[in-house]
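Student: Can we go through this one together? I would like to start with a sheet.

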Amino acid sequence: MDLATVFDLQNIKYMFLTHLHEDHTVGLPSFISGPFKFGPGPDKKIYGPEGVDEMIANINAAWRLDRNEMFQGSTTQKADGATAIGVPVWPSTDPKGRLIYEDDNVTVEAFPTEHGFLHHTYAYRFTAKPDGRVIAFGGDGHYSEGLVNAAKDADVLVIESITRKNIMFVVWGGDTEDEKVKIIGAYHMFPEDMKKVQDDSGVKQIVMTHVQNYNDPEHFDRLSVLKEMQDAGVTNILMAEDGDIY
Ligand SMILES: [Zn+2]
Ligand SMILES: [Zn+2]
């Protein structure tokens, strides 16, 4: 399989959102409209927690002028691929998860995760039908039964992480270390949590993304959160880089 096939961005039809925080959704206008500008493609369905339908409808409305301009003065482009709808997954706390999508190539299951005070956050488990390969995608959140179930014996888990060692450099979550550990730990994945996720799920490979690496600028090290994970006993863990294939 060549890279053009792997990164066939023009033909992406589906997206699965773990939650609706702005740092996980701010790229949606470009995901919806960007590929269309280079030629017609499929319309898009964006799965996510309750409220995703409203969010996508509002994005469509907010970028209406841009979308309308695409239809004018063009002899090659047509309306195909210019629209997107949001599909709410389901509000549930059952850690066993649920099948939410299936086609000839893949099944997608959603599992509830725990991420601060947000009520609906999900991890997704993608099972490729041709070879049974399993990719779990965790989004934000600390250790949870749902996350462990999503990653059970998976080939790859893509997941966030945050520093524990340099927590006093994190700009939110209180003034004292105790406060920060309690509040930040309610939202994000410390190294000890990651170790527990790996041990309880048996996942074969962890890929860290959305790495929250805070430090004194004098001592900033791009790989320091990865080292914290390894020091906590997490094995087979990598830091994601753009263009990597796992
Ligand atoms: Zn978040
Ligand atoms: Zn986030």
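**A sheet, then the rest**

Tutor: Three strands form an open sheet in the order 1-2-3, and their pairing is parallel. Strands here are DSSP runs (E, at least two residues) and helices are runs too (H or I, at least four), numbered from the N terminus; two strands pair if DSSP finds at least two bridges between them. This is a predicted model, where local features need pLDDT of at least 70, side-chain atom pairs count only at pLDDT 80 or more, and totals for chains, interfaces and linings use all residues. Residues are numbered from 1 along each chain as its sequence is written, and chains are lettered from A and ligands numbered from 1 in the order in which they are written.

Student: Which are the edge strands?

Tutor: Strand 1 (14-16) and strand 3 (84-88), each of which pairs on one side only.

Student: How many bridges join strand 1 to strand 2?

Tutor: Three, and strand 2 covers residues 44-48. Met15 stands opposite Ile46 of strand 2.

Student: Which helix packs on the sheet?

Tutor: Helix 3 (residues 52-62), which touches strand 2 and strand 3. Its direction makes about 165° with that of strand 3. Axes are lines fitted to C-alpha atoms, for helices over the stretch in contact, and angles run from 0 to 180 degrees between N-to-C directions. Two residues are in contact if their C-beta atoms, placed from the backbone, lie within 7 Å.

Student: New topic. What does the domain assignment give?

Tutor: Domain 1 (1-88) and domain 2 (93-246); such bounds come from an automatic or database assignment. Their centres, taken over C-alpha atoms, are 26 Å apart.

Student: How many residues of each are in contact?

Tutor: Nine residues of domain 1 with 14 residues of domain 2.

Student: And the whole protein, how many helices and strands?

Tutor: Eight helices and 10 strands. Its C-alpha trace spans about 60 × 40 × 35 Å along the principal axes.

Student: Now Asn236. Where does it lie?

Tutor: In the loop between helix 8 (224-231) and strand 10 (237-239).

Student: Is Asn236 buried or exposed, and why?

Tutor: Asn236 is exposed, because 12 other C-beta atoms lie within 10 Å. A residue is exposed at 12 or fewer such atoms, buried at 20 or more and partly exposed in between, with C-beta atoms placed from the backbone.

Student: Which residues does Asn236 touch?

Tutor: Lys204, Gln205 and Ile206, leaving out residues up to four places away in sequence. Asn236 and Ile206 are 30 residues apart in sequence, with 6.2 Å between their C-alpha atoms.
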